[in-house]
Amino acid sequence: MITSTANSRIKQIRRLREIKERRKSRLYYVEGLRLVAEAVNRDKGVEVLVYAPELLKSDFGMELVKQVMDKGIDVIETSASVFKSVAMKERPQGIAAIVRQEWQTLEELLFDGDWVALDQVQDPGNLGAILRTMDAFGGRGVILLDQSTDPYDSTSVR
C-alpha cells in the first residue's frame, strides 16, 4: 500500500492533470465507479487501477478491483489521504484508472455511421456534452479540427 504522497508513481498520476503530460505520455486519468467500470469493460486501454480500500465502500467497486487484478492489469493500493491527493472529485469514491488514449488519423477512420466534426471547441465541458450526446444518439465518433480543447481533459472525459 502506498502511504506517501511523495511516491514517484503518485506524482506521475498527479501530473496527468496537465495537458503537456497527457500529450507526452498518451495517458489520461478517470475517476469514479461508473467511468472506471466503462474503461475496464471496454477491455482495452486500462494501464493501471488505483484504489483506496478505506474510501471504496461499494461491493461493485471491490469486484471491479478483483476483475482488473484477474486480467493482470497493474493495481495500486493507496491510503485514503494519498488517493485524495490525486483525486479530482471533492468526495472521491476511492477508485480511479490510468487509461491509454486512443487517436486515429482521418485515413484510419471508417466513416460508417454518424460522425460529427468540430472546429475549435474551446471548452472541455462543451466537448463533454457533445460526446455524451453523440453516445446517446449512437454516433460513431467525433473529429476534432484545428485547435480544439483536449478531449482527455477530466471535464471532457467525465
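Me: In what order do the 4 strands of the open sheet lie?
Reply: This is a predicted model, so local features need pLDDT of at least 70 and side-chain atom pairs count only at pLDDT 80 or more, while totals for chains, interfaces and linings use all residues. Residues are numbered from 1 along each chain as its sequence is written, and side-chain values use heavy atoms, with hydrogens and water left out. Strands here are DSSP runs (E, at least two residues), helices are runs of H or I with at least four, both numbered from the N terminus, and two strands pair if DSSP finds at least two bridges between them. The pairing in this open sheet is mixed, and the order is β1-β4-β2-β3.

Me: Which are the edge strands of this sheet?
Reply: An edge strand pairs on one side only. In this sheet, neighbouring strands are turned by 20 degrees against each other on average, direction ignored (axes are lines fitted to C-alpha atoms, for helices over the stretch in contact, and angles run from 0 to 180 degrees between N-to-C directions). The two edge strands are β1 and β3.

Me: Parallel or antiparallel: how does β1 run against β4?
Reply: Strands of a sheet pair through backbone hydrogen bonds, in either sense. Here 5 bridges join β1 to β4, residues 95–100, and Tyr29 stands opposite Ile98 in β4. The two strands run antiparallel.

Me: What is the handedness of the crossover from β2 to β3?
Reply: β2 (residues 46–51) and β3 (residues 74–77) run parallel and are joined by 4 bridges, with Asp74 in β3 as the bridge partner of Val48. Between them the chain passes through helix α4, residues 59–70. A crossover gets its hand from the path over the helix from the first strand to the second, seen with the strands pointing away from the viewer: clockwise is right-handed. By that rule, this β-α-β crossover is right-handed.

Me: Which elements make up the β-α-β unit that includes α6?
Reply: β5 and β6 pair in the parallel sense over 5 bridges, and Val142 in β6 is the bridge partner of Val116. The unit is right-handed, and its elements are β5, α6 and β6.

Me: What is the volume of the largest pocket?
Reply: On a 1 Å grid over the protein atoms alone, a pocket is an open set of points with protein on both sides within 12 Å along at least five of seven lines, a cavity is a set where a 1.4 Å probe fits but cannot get out, and lining residues have an atom within 4 Å of a point. Points are joined across faces, edges and corners, and a volume is the space filled by probe spheres set on them. Of the 42 lining residues, the closest to the centre are Glu102, Leu131, Val142, Pro151 and Tyr152. The volume of the largest pocket is about 1,600 Å³.

Me: How many residues of that pocket's lining are charged?
Reply: Asp, Glu, Lys and Arg count as charged; Ala, Val, Leu, Ile, Met, Phe, Trp, Tyr, Cys and Pro as nonpolar; the others, Gly among them, as polar. Elements that each supply at least two lining residues include α2 (19–25), β1 (27–31) and α6 (124–137). The lining has 18 nonpolar and 9 polar residues, and the charged ones number 15.

Me: Which element gives the most to the lining of the largest cavity?
Reply: The structure holds 1 cavity of 30 Å³ or more, and the largest has a volume of about 100 Å³. Its lining includes Tyr29, Val30 and Glu31, and the elements giving two or more residues are β1 and α7. The most, 3 residues, come from β1.

Me: Buried, partly exposed or exposed: how does Arg26 count?
Reply: Arg26 is found in the loop between α2 and β1, and its phi is near 60 degrees, a positive value in a residue other than glycine. Buried means under 20% relative accessible area, exposed over 50%, and partly exposed in between (1.4 Å probe, protein chains only). At 41% relative accessibility, Arg26 is therefore partly exposed.
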